[in-house]
Amino acid sequence: MSKVFESCAEAVADIEDGATVMVGGFTGRGTPSQLLLALREKGPKNLAIVRNDASGGWKNPIDVDILIEAGMVRKVITCFAVFGSPKKVSLLERAAMDGLVEVELVPQGTLAERIRAGGAGIGAFYTPVGVGTEAAAGKEVRVIGGREMILEHALKADFSLIKAHRADTLGNLVYRMSARNFNPIMAMASRTTIAEVENLVDVGGIDPDEVMTPCIFVRRIVPTGKVA
Amino acid sequence: MIIMGEMMSDEIMARRVALELSGDCFVNLGIGMPMLVSNHIGTGKQVMFQAENGILGVGPRAEPGMEDKDLGNAGDEHVTVSAGASFMDSATAFDMIRGGHLDATVLGAFQVSEKGDLANWKLPGRKLGSYGGAMDLAAGARKVIVMMKHVTNDGLPRIVRECSYPLTAKNCVSLIVTDIAVIKVVDDGLELCETAPGWTPAQVQQLTEPPLIVRNVSSWPLSVS
C-alpha cells in the first residue's frame, strides 16, 4: 500500500477523540502547519499534545494553539507554556487557569530524551536536570555517580505529525537546517507517523548516506510542495 | 539616599560577558539579553555558539532580504551559520548540553542566591512558566554565567540570600555580570570582583541582599566601558 496521501485531510482522518499526538517543530521551523490545519478541520476532542512550544506568540501563526483555541485539547506536554514577556498570559495559560487544559511542563532536553526513549524501547532514565526544582516534584531521586538524578519516563504517542524537507515515496526523510529539531525523534515515538513534506521524489532519489529518518519510522507522507 | 553611579547599558554588559569567553570554546547564549554577547567576541577567538534548537556554529543575524525560513535560533530570530557549523536534532543538541560538552552558557535571571541558585523560568504567583532549555543548560554547562540587571524595576535586589522565585537549578551559577558589578560565586559566598565605572563596593553592597566578600576589587577593564 502506498504511503503517499493526496491530502492532509485524508492523512489525519483516523485521529480520533482522546488520541495522543506529537507535533514536531520549534517555533515555525519544522512545524507541520498544513497537518495542524487539517486536524483542526477534522476536530477530534480530548487530545493530548506533545510539543516543544505551546505558548503561541512566536512569529509562526499556525501552531498547536489553534487546537487549544478550538477546544480540542485536554492535556499539553511542553516546555514553553508562556512566551516573550513573562508578564503576558498565553492562550495555554489562560486555558489552564480556567481548568480546561492540564499542562505538564518538562525541561526541553528531558522532553527530547523522553521522546527518544519512547521510540527506542527504553522505559525510563535518570537525569540530573531539574533536581531541587518543581520539575522534580513527585519523582524518584537517586544518587548515581555521586550526583543526584531524577527518574523520567519515556513518552509515546498514537500519532506524530512531523515536517520534512524531502521524502521519497517509501518515507525516507531529509530535513533542512534548524527545521530538523524534534521531527526525527517524534518520527520514532508513535504508532503512526505522518510527515508533511516539501518535496517528494521517487525511491532512489535520496542518497542512502543522506537519509536522516529511515522509512521504517514513517507511515504516511503528504507532499505539500513540489512532486518530482 | 546615597547617590549612585550610572547603570551600564545592555551592550556594555554584553561586552563584559564576552571577555569571559576565552579562545576555543563552545557556548550557548540564552534567549533575550545574553544573545547580545555574540556581537562582542574579539578577533582571534574561536568561540562557537550553540543554539539548542539544533545548530552548532550560529553566526550573526541574517541581513534583511537574506533570511532563510529554515534557519533561526532558539529565540526565533533569523540567523546565519559560521564556517564549520553543523545541524542536529533536539536530542543531540541536548546531549551536548546535558553531557557537559559546552564550556559555558550565558543566561538571564530573575534572581540568583548567595549559594549560586538560579531562578529564571517563572514569576511567583503565576500558574505557568517556560522552562525552555534553561534547566538543562544550568545543570549541564561547565560554567554558568548569569547576565542580568542588578535590581528589579522596583529597585529590589536580584542577588538574594534565598531565591523567592521558583528555582531553575541549585548551586549552578559561577559568575554574575550585572549592570554595576561582576560577582563570583565562591565557596564561602559571593565575592565582588569588579565594579562598573562610577560605582564603589559600598554602593554595590547597598543594592545586594547578602554580604559581599571584598578582597581585591578592580574596575571594569577600560576596553569594556
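**Figure 1. Where chain A and chain B touch in this predicted model.** Chain A puts 46 residues into the contact, and chain B puts in 43. Together they bury about 3,800 Å² between them, with carbon and sulfur atoms giving 55% of that area. Salt bridges turn up here too: 7 of them span the interface of the two chains.

**Figure 2. Helix α5 of chain A meets helix α2 of chain B.** Two packed helices are described by the angle between their axes and the distance between the axes. The crossing is left-handed. Who does the touching? On the α5(A) side, look for Gln108(A), Gly109(A), Thr110(A), Ala112(A), Glu113(A) and Arg116(A). On the α2(B) side, it's Ser90(B), Ala91(B), Phe94(B), Asp95(B) and Arg98(B). Sorted by class, this contact has 3 nonpolar, 4 polar and 4 charged residues.

**Figure 3. A salt bridge between Asp76(B) and Arg29(A).** Side chains of opposite charge can pair when their charged atoms come close.

**Figure 4. A salt bridge inside chain A, between Asp14(A) and Arg220(A).** Over all chains, the structure holds 29 salt bridges. In this one, the N to O distance is 2.7 Å. Asp14(A) sits in the loop between α1 (8-11) and β1 (20-23), while Arg220(A) belongs to strand β11 (residues 220-227). The pair links distant parts of the chain, with 206 residues separating the two partners.

Notes. Residues are numbered from 1 along each chain as its sequence is written. Chains are lettered from A and ligands numbered from 1 in the order in which they are written. This is a predicted model: local features need pLDDT of at least 70, side-chain atom pairs count only at pLDDT 80 or more; totals for chains, interfaces and linings use all residues. Side-chain values use heavy atoms; hydrogens and water are left out. Axes are lines fitted to C-alpha atoms, for helices over the stretch in contact, and angles run from 0 to 180 degrees between N-to-C directions. Helices (H or I, at least four residues) and strands (E, at least two) are DSSP runs, numbered from the N terminus. A crossing is left-handed if the near helix is turned anticlockwise from the far one by less than a right angle, and right-handed if clockwise. Contact means heavy atoms within 4.5 Å. Ala, Val, Leu, Ile, Met, Phe, Trp, Tyr, Cys and Pro count as nonpolar, Asp, Glu, Lys and Arg as charged, and the others, Gly among them, as polar. Buried area is the accessible area (1.4 Å probe) that two parts lose on being put together, summed over both. A salt bridge is a side-chain nitrogen of Lys or Arg within 4 Å of a carboxyl oxygen of Asp or Glu.
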